[in-house]
Amino acid sequence: MTRDHAIQIGVLFSSSGSTSVTEQTMLSATKFAIDEINGGGGIRGRALAPIYCDPEGEPELYQQQAERLLTDSKVRVILGCYTSRQRKAVLSVLDRASGLLCYPAQYEGFEYSENVIYFGAVPNQNSLFLAQYLLQKEAPRLFIVGSDYVWPRESGRIMADLIKSGGGDVLGQCYLGDDATEHEFDALIKRIEAAKPDFIFNNFVGRSNVQFYRAYVENELDAGQIPVASLTTSESDIKEIGAAATVGHITAASYFATQSNRSNLACLERYRDLRGARPDANMCWDAAYTQTHVVAQAMRENDPDNINAIRSGILGRSFDAPQGRISIDPLNAHCWVWPKIGIARADGQFDIVAETTQAIRPDPYRTTYAMTEGDEPLMQPSLSASDGSYGLRVRR
Amino acid sequence: MRPGRSEPFVSEKEQPFLIKDLRSLKVLLVQPENNDGVALRSHLERIGCHVQEIWPPPPSYSDEIDIVFVMVDRVIENKQIFHWQVENPSAVLIAVIDYESPLAIDRLLQMRVNAVIGLPIRPFGILTNLLAAVNNHRREQRLRLNLDRLQAKLESCQVIERAKLAIMLTAPQSGKEAYGILRQLAMKHRTTVEAVSSEILSGLHAPEGD
């Protein structure tokens, strides 16, 4: 493998700034996958040469650095971005400079670009299953909270629809800005306590999420009183928050590090062999690892310098990911994933208490969310007759 | 009276066609087989609409169809004719165009298109454009319906007024009393005041007519 013949690839994850906690797990997974790819002979004998950038969580920097990667470095594929604002900032550059972004985060859907492949879950692959789980309690009453931007509000709207259609109720909704103070979080928790919900649905991200759980604990609440349900609080977030504050709380995700399937165990073992320690693995780690290998496979089987050949090589491709066997939907370029429900443990890992029996088709443009839609084909393949809980198979 | 209050016949509430109803929409694409057509169809399917395709342009459209997309420049190049009920369209019309020249724009305005999408197909914006066009079209239909009702009401008022005048001319009665007579006649014959009025007037006119 000669360096001058290497295939350059852009890596756009922040190791500093407000979103770095999650993005560092994505970065670590990407590095690991690239080492595996190069260790296995690279792409038809050519090394995959990553160009790492640190956009510090700032959308403008993602845009500038993506532009530099695509024009100066002649990179064709970029692995990166975490929030929707970061991804939207990169979109315009991708179009102009004909680049392909592989995006490993869950997001709110309603996007399709010929320049993006989406590896994270969309609401029909996580919110829907979290709602099914919460609705196992009869007529649950929710209090919905989150950061104040597109994703949390959209996620809150969907969950409210689902819970109401399933016979539950929403007692209140509150969204706080990124600059919200300790005092504001304290006031929010007191407001929730007064409302006495059965669950809190939490869509805070980054630093706000840490503040939220801390305020929750400081008000002497625990999961036995009001459990917190989330789509984002993963193993790496818990490391930052402190496991004591999250014990017993619920997270819906396409991957948990405690999965006992062979592809996950083998992957974690390969990581330990290579790095000498356990990875800080979570759903984003899984998606970032997966997308790097999927790109490499597509490059191996097609012209690795031709963006269109790589893209069509990715569409329809399957891969034995740590979360389970995934594939990329050829129509909408999103990923078929395996939804699961985890309950946080004292060691910061999750006990998986429910999961689907097969990968769930992505439906990024799904506009209605109700539990009563008998004609909804998405739920059919995962119907589990044993417990009647729609797509979820509950572990006992 | 404030403008907002001057619509006494609005019976339907102004209910916008919302995004949640999107997947009930039936879409017909009037386009020949080509890559742009595939791109448009794929995106509409991605969104979740029911999509059918037809080529060449048909002489008319079923009422089942909610939205018609037509590739205007393909119609012209292939010397086809696009038939469309401009005055009373059965569906929303969205034009897909290559050219934005004055002549082309003029043609679109003549066709009274509800929205325009440019080629090559870019997925972003199609969903929003589509929903805005559907809403505008439905609002126009509602306004048209209200206008028709108003027109009918106006004509009916004129007939009743003239019948009242005829009654007032036969005996010294007030307009209110004349209307009371008309109403009693209508109740007796189980019909409307307008029908009674119109009968009285035609009785008056008959001898003069022939």
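Which residue forms a salt bridge with Asp35(A)? The partner is Arg275(A), with the closest N and O atoms 2.9 Å apart. A salt bridge here is a side-chain nitrogen of Lys or Arg within 4 Å of a carboxyl oxygen of Asp or Glu. This is a predicted model, so local features need pLDDT of at least 70 and side-chain atom pairs count only at pLDDT 80 or more, while totals for chains, interfaces and linings use all residues. Residues are numbered from 1 along each chain as its sequence is written, chains are lettered from A and ligands numbered from 1 in the order in which they are written, and side-chain values use heavy atoms, with hydrogens and water left out.

**Salt bridges**

- Searching the whole structure turns up 26 salt bridges over all chains.
- Arg275(A) sits in helix H9 (residues 262-275) and Asp35(A) in helix H1 (residues 20-39), both of chain A, so their bridge ties together parts that are 240 residues apart in sequence. Helices (H or I, at least four residues) and strands (E, at least two) are DSSP runs, numbered from the N terminus.
- Arg275(A) is partly exposed at 34% relative accessible area, and Asp35(A) is partly exposed at 37%. On this scale, buried means under 20% relative accessible area, exposed over 50%, and partly exposed in between (1.4 Å probe, protein chains only).
- Another bridge joins the side chains of Asp305(A) and Arg46(A), at 3.1 Å from N to O. Asp305(A) is in the loop between H10 and helix H11 (307-314) of chain A, and Arg46(A) is in the loop between H1 and strand E2 (48-53) of chain A, so this pair ties together parts that are 259 residues apart in sequence.
- Asp305(A) is partly exposed at 45%, whereas Arg46(A) is buried at 15%.
- Over in chain B, Arg74(B) bridges to Glu77(B), with the closest N and O atoms 3.0 Å apart. Both lie in helix H2 (residues 72-77) of chain B, three residues apart, which is about one turn of the helix.

**Where the chains meet**

- Chain A puts eleven residues into the contact and chain B puts in 13 residues; contact means heavy atoms within 4.5 Å.
- Between them the two chains bury about 1000 Å², 60% of it on carbon and sulfur atoms. Buried area is the accessible area (1.4 Å probe) that two parts lose on being put together, summed over both.
- Leu331(A), Tyr365(A) and Thr367(A) supply 50% of the area that chain A buries against chain B, more than any other three residues.
- There are two salt bridges between chain A and chain B. Arg23(B) and Asp363(A) meet through their side chains in a salt bridge (2.8 Å, N to O).

**Inside the protein**

- The largest nonpolar core has 104 residues, and those touching the most other members are Val77(A), Trp285(A), Ile314(A), Leu40(B), Leu44(B), Ile67(B) and Phe69(B). A nonpolar core is a set of buried Ala, Val, Leu, Ile, Met, Phe, Trp, Tyr and Cys residues joined through side-chain atoms within 4.5 Å.
- Helix H10 (residues 283-301) of chain A gives the most to this core, with eleven residues.
- Thr290(A) also has its place in helix H10 of chain A, and it is buried at 3% relative accessibility. Setting aside neighbours within four places in sequence, Thr290(A) contacts Phe119(A), Phe319(A), Ala321(A), Pro322(A) and Ile326(A).
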